Amino acid sequence: MATSLELISATKCFGGWHKRYGHRSQVLDCDMTFAVYLPPQAEHDASLPVLYWLSGLTCTDENFMQKAGALKLAAELGLVIVAPDTSPRGHGVADDPEGAYDFGLGAGFYINATEHPWAAHYQMYDYVVSELPAVVEASFPVLQRRSISGHSMGGHGALICALKNPGRYQSVSAFAPVVNPINCPWGQKAFSGYLGDDREQWKQWDACELIVDAQERLPLLIDQGEADTFVDEQLKPEALEAAAAAAAHPLTLRRQPGYDHSYYFIATFIDDHLRHHAAALKD
C-alpha cells in the first residue's frame with residue numbers, strides 16, 4: 001500500500017528511536033497519527049517482528065509510549081512496537097454531541113461502524129488489522145510477523161483482532177480488557193451507537209462470543225488488577241474465563257492484588273507481556 005508518511009517527531013531512546021508519524025488513512029478517510037519504536041537493531045536488521053499496542057478510552061498514540069516503561073526491554077529484545085490512535089480524528093469526523101469520554105473521539109472501540117454518521121470514518125478494525133500493518137511493513141525494516149496487545153478498550157480490540165484473524169498474529173495479550181462488551185455499559189453504549197440496535201450483529205465484536213467458534217486456539221495472556229474500579233461493571237474477566245473454559249481455549253488470567261486500571265499497573269507487568277510476545281514472534 002503506497003502512502004506518504006510525515007515525520008512529526010523523533011526521539012532517541014535506549015539506543016533506538018521513538019518516532020511519531022502522520023499519514024492519510026484511506027480506510028478512515030482522515031489524517032491519522034501513529035507512534036513507532038524502532039529498537040537499535042533496526043539500523044542493521046531488516047527482519048524485525050512487530051507488536052501492535054491498542055490503547056484505551058481517551059488515549060492517543062502517546063500514552064503507552066510515554067507511560068508503560070516498555071521501550072528498554074523492547075530495545076533488548078529487538079522488538080518494534082507500533083501504537084495507533086484510538087479513533088479517527090480531524091475536521092468532519094463525528095464526535096459525541098455531549099463530549100462523552102466513552103463514545104466518539106478517543107473511543108473507536110476497534111470495530112467497523114455501520115450507522116450514520118459514524119460509518120463514514122469509524123472503521124478502526126480495518127485500520128488496525130489491515131491498513132496500518134500494510135503501511136508499517138512497507139515503510140520500516142520489519143517482518144510480516146505480528147503480535148497484538150492492549151489495555152481496557154484496547155484489550156478488547158487486541159482480543160477480537162486475534163480471534164477474528166487466525167494466523168495473522170503470533171500472540172495476543174491484554175491488560176484489564178473489556179471482554180464482554182455486549183453485556184457492559186461501555187460496550188452497549190458504543191455498539192448501539194456504531195452498530196445500531198441489532199444485538200446479533202454486536203456478537204461479532206465480542207471476545208466471549210468469538211472464542212466459542214475461534215478457528216485458532218491462540219493462547220490468551222491477561223492481567224487484571226483486583227483493585228480496578230471497573231472490574232465488576234465493565235471488564236467482567238469471569239465471563240471470559242467461563243467462555244474459554246467452555247471452548248477449551250487456552251487462557252492465562254492473572255489477577256493482581258492491589259493493582260488498579262492505571263499505567264502504574266501496566267508498567268509493573270509489561271515486561272512479562274513483552275517476553276511473551278518476543279518468544280512467540282521468534283518461534
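This is a predicted model: local features need pLDDT of at least 70, side-chain atom pairs count only at pLDDT 80 or more; totals for chains, interfaces and linings use all residues.
1. Residues are numbered from 1 along each chain as its sequence is written, and side-chain values use heavy atoms, with hydrogens and water left out.

2. The sheet is open and mixed, with 9 strands in the order β1-β2-β3-β5-β4-β6-β7-β8-β9. Strands here are DSSP E runs of at least two residues, helices are H or I runs of at least four, and both are numbered from the N terminus; a pair needs at least two DSSP bridges.

3. β8 (residues 220-225) runs parallel to β9 over 6 bridges, and G225 has Q256 of β9 as its bridge partner. Helix α9 (residues 237-247) packs on the sheet and touches β8 and β9, its direction at about 155 degrees to that of β9. Contact means heavy atoms within 4.5 Å; axes are lines fitted to C-alpha atoms, for helices over the stretch in contact, with angles from 0 to 180 degrees between N-to-C directions.

4. Most residues other than glycine have a negative phi, and most peptide bonds are trans. T58, in the loop between β4 and α1 (62-67), has phi near 75 degrees and is exposed at 51% relative accessible area. F109, in the loop between β5 and α3, has phi of about 60 degrees but is buried at 0%. Buried is under 20% relative accessible area, exposed over 50%, partly exposed in between (1.4 Å probe, protein chains only).

5. The H116 to P117 peptide bond is cis, with omega near 0 degrees; P117 is in the loop between β5 and α3 (124-139).
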